Amino acid sequence: MQTLDRLMTYLEHSPSPFHAAASAAALLKEGGFVRLEEGDAWALKPGGQYYVTRNQSSLIAFRLPAGPLTGWRMTAAHSDSPTFRVKNDGMGGDKRYARLEVEGYGGMNCASWLDRPLTVAGRVVVRTPEGVESRLVYLDRDLLTIPSLAIHQQRDVNKGHEYNLQRDMQPLFGLNGAGEDLGEQLARAAGVEYGDLLSTDIVLCPRQRPVRLGAAGELFQAPRIDDLACAYATLEGLLRAGPNPAAGQVYCLFDNEEVGSGTRQGAMSSFLPDVLARAALALGLGEEERRRALANSLLLSADNGHAVHPNFPEKADPENRVYPNGGVVVKLNASQKYTTTGLTAGLFRAVCQRAGVPVQVFANRADEPGGSTLGNLLSHAVSIPMVDIGMAQLAMHAAVETAGSQDPEHLSRACTAFFEAAFTQCADGRYVLG
């Protein structure tokens with residue numbers, strides 16, 4: 001359970017995408033990775049290990065081989081989760097209540113956000129003597145709630161409710177005049193005067209800490225399991241892995257997956273192609289060698305899949321059913337919303353079998369279309385073989401989600417074996433395993 005314990009700490013330290021990237025950066029620095037800046041010249045060395053961030057919410061880490069580069073072993077997860085972005089620190093409507101104005105980010109289960117303690121986290125941009133600077137903030141206390149309407153005032157609420165984000169989902173900040181407004185609290189958390197607060201990127205976050213559930217602690221529950229559980233487990237896989245003599249090892253953490261990935265820091269951006277091109281240039285690869293290396297690469301797109309629901313088992317595919325603690329999930333979709341092919345699934349499964357890691361296969365019901373994942377969108381930017389994987393979880397996109405306590409370790413071990421694996425695509429449709 002050590003991987004689970006470390007994951008739970010990571011979840012606590014990552015209330016926003018900015019914090020998730022910063023927490024990953026701290027672990028990489030502790031593991032000996034050197035920070036790079038996109039705007040600086042890169043002096044990379046064979047065998048070196050580095051990381052770079054974009055927008056403070058996306059991160060790519062890579063370890064170069066000591067010998068000639070023959071391919072890349074890559075993982076990708078995302079730093080964002082469905083939430084509400086704070087637009088203003090006050091809104092009208094009632095003189096007695098202080099409210100925030102928020103806008104929905106991603107597709108969330110609205111009911112799960114009601115009547116629970118909430119707070120805010122993200123980054124603020126402040127004025128400094130030299131110019132402007134971004135600083136991460138997290139107001140670490142029970143600060144807000146989104147109160148539901150009493151059943152006496154909506155007698156049919158248990159028959160279903162259609163949520164209007166502007167009307168139903170605006171958070172209560174307290175009573176007017178009872179204390180500092182949000183801007184003043186954010187400025188104080190950032191260590192500046194309120195007048196030096198220039199702008200914010202702030203989101204709501206649930207206050208529940210990660211906990212274990214079940215008779216033997218076989219389940220765990222926390223906010224943002226989708227997709228920070230994969231973000232952490234794939235990172236631990238990289239940190240555990242030894243150098244691969246011939247393949248570069250790449251860890252990607254992208255923001256904005258929940259809103260389509262079409263941003264400068266999203267999976268469809270130039271971020272990964274830019275990093276791979278600069279790394280290849282530093283290694284002295286020509287265009288022919290660079291393209292051969294891409295063809296001989298594999299990427300694990302790590303995002304969770306739906307476990308069979310105990311109360312709604314009919315929602316799962318009759319034959320492709322996944323359960324918590326059943327092992328790493330390989331995701332298949334006929335419409336190619338998941339990138340897995342029979343070939344990439346077979347290769348990944350062979351790597352897992354060698355490492356003794358269990359694997360289970362997920363597919364949606366034929367009449368239930370699934371959502372796209374990182375791999376499907378990332379393939380627009382980097383054309384390499386991919387396989388969609390993840391963990392089985394319940395209550396995806398709820399404010400608090402549930403998954404199996406053993407699965408973070410399963411995914412971490414699978415990624416370690418993957419990063420270390422020696423395989424070569426000797427022909428289209430054929431791999432040789434070393």
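## Exercises on a predicted model

**Exercise 1.** In this predicted model, determine how many residues line the largest pocket and which of them lie nearest its centre.

*Solution.* The lining of the largest pocket comprises 38 residues, and those nearest the centre are G305, H306, F362, N364 and M396. Divided by class, the lining holds 14 nonpolar, 14 polar and ten charged residues. The volume of the largest pocket is about 900 Å³.

**Exercise 2.** Describe how helix α2 and helix α5 are arranged, and state which residues meet.

*Solution.* Two packed helices are described by the angle between their axes and the distance between the axes. The axes of α2 (residues 17-30) and α5 (residues 225-240) come within 11 Å and cross at roughly 15°. Angles under 35 degrees count as roughly parallel, and α2 is therefore roughly parallel to α5. The crossing of these two helices is right-handed. On the α2 side, A20, A24, L27 and L28 meet L228, Y232, L235, L238 and L239 of α5. This contact has nine nonpolar residues, with no polar and no charged ones.

**Exercise 3.** Classify the arrangement of helix α1 and helix α10 from the angle between their axes.

*Solution.* The axes of α1 (residues 2-12) and α10 (residues 407-420) come within 7 Å, crossing at roughly 100°. An angle of 65 to 115 degrees counts as roughly perpendicular, so α1 and α10 are roughly perpendicular to each other. T3, L4 and L7 of α1 make the contact with P408, E409 and S412 of α10. By class, the contact of α1 with α10 has three nonpolar residues, two polar and one charged.

Definitions and conventions:
Residues are numbered from 1 along each chain as its sequence is written. This is a predicted model: local features need pLDDT of at least 70, side-chain atom pairs count only at pLDDT 80 or more; totals for chains, interfaces and linings use all residues. Side-chain values use heavy atoms; hydrogens and water are left out. On a 1 Å grid over the protein atoms alone, a cavity is a set of points where a 1.4 Å probe fits but cannot get out, and a pocket is an open set with protein on both sides within 12 Å along at least five of seven lines; lining residues have an atom within 4 Å of a point. Grid points are joined across faces, edges and corners, and a volume is the space filled by probe spheres set on the points. Ala, Val, Leu, Ile, Met, Phe, Trp, Tyr, Cys and Pro count as nonpolar, Asp, Glu, Lys and Arg as charged, and the others, Gly among them, as polar. Axes are lines fitted to C-alpha atoms, for helices over the stretch in contact, and angles run from 0 to 180 degrees between N-to-C directions. Helices (H or I, at least four residues) and strands (E, at least two) are DSSP runs, numbered from the N terminus. Angles under 35 degrees count as roughly parallel, over 145 as roughly antiparallel, 65 to 115 as roughly perpendicular and the rest as oblique. A crossing is left-handed if the near helix is turned anticlockwise from the far one by less than a right angle, and right-handed if clockwise. Contact means heavy atoms within 4.5 Å.
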